[in-house]
Amino acid sequence: MSSVRGRGRNLEIAVDRALAAAAEELHEHFADRPDFYRGSRAVANLGALEPSADELAAFRDALAGHGVALDGVRGGETVAPVAAELQLAYLGTTDGDVAVLPRHRPAREVRLSDQARSLVADFAGAREDMVRRRRDGGGVHAGGAAVAMAGVAIPPPARMVPVGLSTLYHRGTLRGGQAMHNLGNLVVIGDVNPGAELVASGDIVVFGALRGVAHAGAQGDRNARVIALELEPTQLRIATVIATSSERGKQRGPEHASIVGDRIVVVPFADADLRKESV
Amino acid sequence: MAARRIVVTSGKGGVGKTTTTANVGAALAQRGHRVVLVDADIGLRNLDLVLGVEKRIVFDLVEVVEGRCQLRQALIKDKRIENLAILPAAQTRDKTAVSELQFADVVTQLGELCDYVLIDCPAGIEHGFRNAIAGATEAVVVTTPEVSAIRDADRVIGKLRERGLSLRVIVNRIRPEMVRSGDMLSVDDVTDILSAELLGIVPDDAEIIDTTNRGEPVVLNVESRLAAIYTKIARRLEGEVVPFTALNPPGFFERIFGKAG
Amino acid sequence: MLHDVIPQEAAAPDAPAKPRGRAIVVTSGKGGVGKTTTTANVGAALAAAGASVVLVDADVGLRNLDIVMGLEARVRHHVLDVLENKATLDEALVTDKRVPQLKLLAAAQTREKDDVDTAAFRALIDSLRSRFDYVLIDCPAGIEMGFANAIVGADEAIVVCTPEVSAVRDADRVVGLLGDTRKVHLIVNRLRPELVRKGKMLSVEDVNAILRLPLLGIIADAPDVIVSTNKGEPVALDAASPVGSAYRAIAERISGARTDAPAIPRERSFFDKLFGSR
């Protein structure tokens with residue numbers, strides 16, 4: 001299995017199989033978070049491989065396709081002339097085993113603003129909740145605490161409109177019982193009333209009050225966002241994470257919902273991290 | 001061991017089918033039975049609202065029928081009352097999404113999981129009504145003491161009897177002071193016209209409006225007189241003979257100082 | 001020559017054609033919120049003010065408009081008889097006892113909504129529009145075939161909604177189904193101002209925050225409405241009834257005789273409750 005390790009602002013790519021296969025594997029890895037690697041410089045550690053000039057050139061081009069510039073290679077002595085032919089630096093043999101890092105970036109500290117609300121998983125724990133309530137003598141109404149349900153797998157909706165990975169734009173209010181589904185993003189200029197449903201494989205933006213159910217990243221994209229002028233959904237779903245809240249009626253201004261860790265987190269739009277990936 | 005399958009219907013809309021389903025179901029669950037409530041009103045679902053679970057709906061009846069989820073996944077357990085669960089209807093579909101046979105099948109499956117299945121029937125006598133009664137063996141007909149409601153209940157009773165369902169009547173929203181002044185039919189008038197057995201008498205009470213809006217079955221409030229009445233209905237359903245309370249009109253002082261509902 | 005065979009109607013090309021009547025469906029989604037009472041009372045008020053009005057009961061199998069109007073004993077034929085050519089329209093129309101410009105076309109009680117041919121029903125509404133200033137259609141509850149038939153042929157709608165969450169949700173569904181081509185207005189029915197003040201009932205604002213419809217009227221909950229529907233006497237014809245006067249105001253807004261926004265009804269005072277005044 002190939003691996004990519006960061007060394008300062010450079011990457012060290014350890015390769016343990018034929019370059020073509022490695023390129024494919026890496027392609028998947030890079031495509032997951034394209035902008036992160038774009039503009040990086042890399043060194044490939046070829047181990048015991050003895051690629052031809054064509055194979056190495058193809059590998060270099062594959063990396064270039066993801067914005068990663070291959071500067072040099074490490075490997076056995078036979079690699080040296082091949083590298084020279086392609087004007088790549090030969091950096092000598094490998095210096096011990098290359099540690100394989102987990103595929104995601106190192107954990108980034110997430111700072112939430114004071115107004116950020118956290119929606120806590122509760123769905124599967126309904127019984128425990130009831131027991132706790134009885135023990136603590138709490139009231140019967142489940143008010144106050146926000147509720148979220150993590151890890152419930154939602155099958156893709158029955159009717160996805162195959163319009164290609166585009167953005168579907170709708171001007172007008174969606175009434176209860178109406179639904180909009182799209183492969184791509186969804187933008188609604190108007191309200192989305194309780195009982196209405198938005199499902200998108202990408203992001204969902206409501207320029208109005210979102211009071212119905214919105215499911216962004218419906219095909220598994222945990223990076224999808226839900227943004228609304230008034231975010232008061234009956235239920236919010238991003239990929240396989242579900243959340244709901246029982247706060248009502250407060251004027252909070254435009255807000256942005258995304259997955260952080262394993263929960264959906266809502267922040268005021270002004271504080272939102274709009275970069276491509278923050279998971 | 002299979003459950004009793006009871007449809008709560010009326011013909012006329014707005015007489016209190018959903019509130020009745022929720023509260024009678026809750027009362028039965030409080031008495032220890034395992035109860036599942038089914039919302040048969042596809043496209044105009046309200047049972048989830050009345051029970052306060054609308055935000056926890058992930059799967060619904062239509063998705064169960066279409067095989068996109070398991071029956072158990074669609075059931076929402078009530079957080080306040082043990083042994084009570086609800087199978088919500090779909091909102092973005094309509095009643096033609098499910099056939100009578102499919103609905104009956106779901107109800108039969110539910111019957112294996114609990115002691116009572118209560119089906120909240122949509123208003124009218126169209127496709128939705130036919131679906132709702134398809135799964136049932138007994139019926140509770142809800143009516144108010146108003147001429148139009150009684151006429152519709154009569155029509156529905158005719159259809160239920162055609163299907164061989166046993167049935168009993170709940171007279172809802174009775175105002176004893178209006179019965180006294182002759183401005184409203186009495187319970188006896190109603191049961192005479194419908195020639196059906198009485199299951200319960202529920203007075204008109206503003207408490208229902210508030211609890212419905214908040215999604216809390218009234219039976220959760222042990223001091224409420226409505227809670228006591230729904231509990232009696234549950235006992236009668238169990239087979240116990242419980243005398244009907246005489247409903248007195250609120251006294252002069254209660255009226256002035258706004259006590260009675 | 002040609003002029004011998006020109007029929008009478010076409011002989012006066014200068015005469016202005018009678019403007020077509022307005023066809024308005026009264027609907028709600030949720031049952032029991034007051035559609036039938038509203039249809040009867042708005043119709044009665046419009047007719048009492050001089051317009052020719054026909055009320056059509058589209059609730060096949062569960063008809064109630066005739067009871068609310070107190071005309072059930074006079075119904076000889078119903079809509080389906082007319083649609084199936086078993087009776088003429090004139091044989092089926094029942095004239096109101098109190099207001100001769102008001103007529104009723106009752107629904108069939110022992111038939112089903114599936115029996116109605118949509119196209120034929122639409123043609124019936126169209127022909128009624130050529131005879132009456134207003135055709136008010138009382139829609140059944142729900143959103144099934146009965147609803148679909150009732151709205152066909154009407155290019156205006158009145159949505160009746162009570163201040164309760166389920167009624168608002170159902171009304172919203174109906175508004176979505178009515179589509180963008182119809183003019184849709186709202187009547188909020190059975191408001192109890194004292195409960196709204198105590199926070200135990202939705203306000204008109206709460207209702208319209210979701211429905212977002214132009215408001216035709218706000219009607220307070222009042223016991224005299226139940227009494228009047230049981231007796232078959234529309235309150236709109238009772239000069240002393242505040243609910244009646246609310247319906248008369250609605251009729252005036254529909255006809256354009258007034259254009260003010262409806263006011264929130266005041267709470268019943270201590271004395272109102274004590275001495276039982278309406």
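**Helix contacts and chain interfaces**

Modeller: In H7(C), C:Val168, C:Ala171, C:Asp172 and C:Val175 meet C:Val207, C:Ile210 and C:Leu211 of H9(C). The contact has six nonpolar residues, no polar one and one charged. This is a predicted model, where local features need pLDDT of at least 70, side-chain atom pairs count only at pLDDT 80 or more, and totals for chains, interfaces and linings use all residues. Residues are numbered from 1 along each chain as its sequence is written, while chains are lettered from A and ligands numbered from 1 in the order written.

Biologist: What makes a residue charged here, and which classes are there besides?

Modeller: Asp, Glu, Lys and Arg are charged; Ala, Val, Leu, Ile, Met, Phe, Trp, Tyr, Cys and Pro are nonpolar; the others, Gly among them, are polar. C:Asp172 is therefore charged.

Biologist: What is H5(B), and what makes its span close to the expected one?

Modeller: A helix is a DSSP run of H or I, at least four residues, numbered from the N terminus. H5(B), residues 100–111, has twelve residues. The expected span is 1.5 Å times one less than the number of residues. For H5(B) that gives 16 Å, and the helix reaches 16 Å from first C-alpha to last.

Biologist: Which residues of H5(B) are called buried, and why?

Modeller: B:Phe103, B:Val106, B:Val107 and B:Leu110. Each is called buried because 20 or more other C-beta atoms lie within 10 Å of its own; 12 or fewer would be exposed, and in between partly exposed. They cover an arc of only 95 degrees around the axis, so they sit on the same side of H5(B). The arc is that of the directions from the axis to the C-beta atoms.

Biologist: How many residues join chain B to chain C?

Modeller: 34 residues of chain B are in contact with 35 of chain C. H7(B) gives the largest share of chain B's side, five residues. That side divides into twelve nonpolar, eleven polar and eleven charged.

Biologist: How many residues of chain C touch chain A?

Modeller: Seven, and they are in contact with eight of chain A. H7(C) gives the most to chain C's side, with five residues. By class, that side has two nonpolar, one polar and four charged.

Notes
Two residues are in contact if their C-beta atoms, placed from the backbone, lie within 7 Å. Helices (H or I, at least four residues) and strands (E, at least two) are DSSP runs, numbered from the N terminus.
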